[in-house]
Amino acid sequence: MIDEPVLFCLHFLGGSAREWRPLAERLGPHARCVAIDLPGFGDAADHPGGDVAAMADHVAARIMAEDPSGPWLIAGNSMGAKVALALARRHKDGDPALAGLAGLVLMAGSPPCPEPMAEERRRAMIAWIDADPETRRREAEAFVSANVGAPLSPEDHARTVEDVLRANPQAWKAWLAGGANEDWRERIGTLRVPALVVSGAQDGDLGPEAQAALTLPHLARHRHVVALGAGHLLPLERPDEVAGLIRAFLAAPPETAEAPTLPPAFAALIGSERVNTRLRTTLRERMREPDGPFCLSAEARATLAACLDRVLPQAGAGKIDLARRIDARLASGAGDGWRFAALPPDAEAYERALRSLDAAARAAHGRAFADLDDTDRDGLLEAAAAGRLPDSPGVLAPDLMTCWFEELRGEAVRTFLAHPAGLAAIGFTGIGAGGDEAEALPGYRLTGLNEREPWEAPILDTVGDAR
């Protein structure tokens, strides 16, 4: 556990240190927030700005001046997150000034690679920052409104617009034309510092799929949380939710990667015009980890996770938490509309079936099912499928275990394929069959055996010729 750390906070493009006031108030004694104006913004607007390395120098100097006595973290929103990653790399390289870095909090972060922004919009943003005062205010209002999932409070909105208006135009353009396009992928590599990654489900360019494809692969120890209904300015939009996430992160930093990544080509497809808005929203919501309620006991959940690791193994460090999602489904009472009549209701059937596996494991090997090696787990699952597990009070009868195990395998596959990472793993391109305009649905034009549409190739190349 990190004990009362300092949280150095870096704002979004056009923002300032004032962005972090609502979050600082809610964190209270759990962390002391030190919000920093990046060069060219806020009270540092007299500075012309600079590249990512120059901004990192500016922040490092402030950290040294603050001289925190204990562990500290860096929180970055959007532009600030890319600077935070650059500082984390310096920490990994042994920079003594950054020796106390204990974690990252990246919100709607600009990734190590060039930002996925449409060039036309980039040019428009560069143009209006130098426009006449009336145009500039109108565009600043539109910029803030476009970056939130729901309107901010009048006070927060007005303050944020004023921050955009006082930004140094040279710094604004330096980020859009330079910093946002800098490629730090090789330099950043893979970082082991614990990281909390938060994305807004309504964020267009840097939403959940962009974080999963472009940022998570650089973080060996991460937790990714999707804020439903939120946009790009998460510290302003969701200070209560973000404060709660940070408190939980401070109490238990992730030891390993906890969320799946996405191939960049599949993430780009989700964000493209080939996917209709309703489907895109659903896919982003499915990337959110369920936060309860749950119904399985801790022992049953551990057994279920170990069972699913054999039923549907997943490659890579970040995996879809199938056990958590199934447990949440059981608690909700939802289902696929049918079950074997001989089985009890789903939640009871799962609890008793998992107890059966655990009891059989202890009887045969003297250990819990979750503690067995893969060979021993497979042997017990094969026995369950064949109805050969021993019977005992309080467990599911051997013949019913056959029915339950069939149900489990189907649910594992359904749950896996409901997640965008599952669809990406099999190279499923059907989400790109149609956009929002009914009269101009792109569909598929090549229907011959093994024929690929040009837009499918980057996705299918990640999994071979699966289709």
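Two strands count as paired if DSSP finds at least two bridges between them. By that rule this predicted model holds an open sheet of six strands in the order β2-β1-β3-β4-β5-β6, with parallel pairing. Strands (E, at least two residues) and helices (H or I, at least four) are DSSP runs numbered from the N terminus. Local features need pLDDT of at least 70 and side-chain atom pairs count only at pLDDT 80 or more, while totals for chains, interfaces and linings use all residues. Residues are numbered from 1 along each chain as its sequence is written, and side-chain values use heavy atoms, with hydrogens and water left out.

- The edge strands, each pairing on one side only, are β2 (32-36) and β6 (222-227).
- From one strand to the next, the twist averages 20 degrees.
- Strand β5 (residues 195-200) runs parallel to β6 and is joined to β6 by six bridges; Ala 195 has His 222 as its bridge partner in β6.
- Helix α3 (residues 79-92) packs on the sheet and touches β1 (6-10), β3 (72-77) and β4 (101-107), a contact being heavy atoms within 4.5 Å.
- The direction of α3 makes about 160 degrees with that of β4; axes are lines fitted to C-alpha atoms, for helices over the stretch in contact, and angles run from 0 to 180 degrees between N-to-C directions.

**Nonpolar cores**
- A nonpolar core is a set of buried Ala, Val, Leu, Ile, Met, Phe, Trp, Tyr and Cys residues joined through side-chain atoms within 4.5 Å, where buried means under 20% relative accessible area (1.4 Å probe, protein chains only).
- The largest core has 115 residues, and Leu 104, Leu 262, Leu 357 and Trp 404 have the most contacts inside it.
- A second, separate core of 23 residues includes Leu 7, Leu 23, Val 105 and Ala 108.
- Leaving out residues up to four places away in sequence, Leu 357 touches several residues, among them Thr 303, Phe 369, Met 401 and Trp 404.

**Helix α15**
- Helix α15 (residues 322-332) is largely enclosed by the rest of the structure, because eight of its eleven residues are buried.
- The buried residues of α15 include Arg 325, Asp 327 and Arg 329.
- Their cover includes α13 (277-286), α14 (298-311), α16 (346-365) and α18 (398-418).

**Cavity**
- A cavity is a set of points, on a 1 Å grid over the protein atoms alone, where a 1.4 Å probe fits but cannot get out.
- The count is one cavity of 30 Å³ or more.
- The largest cavity holds about 50 Å³ of space, and its lining (residues with an atom within 4 Å of a point) is His 224, Ala 259, Pro 260, Met 287, Glu 289 and His 419.

Methods. Buried means under 20% relative accessible area, exposed over 50%, partly exposed in between (1.4 Å probe, protein chains only). On a 1 Å grid over the protein atoms alone, a cavity is a set of points where a 1.4 Å probe fits but cannot get out, and a pocket is an open set with protein on both sides within 12 Å along at least five of seven lines; lining residues have an atom within 4 Å of a point. Grid points are joined across faces, edges and corners, and a volume is the space filled by probe spheres set on the points.
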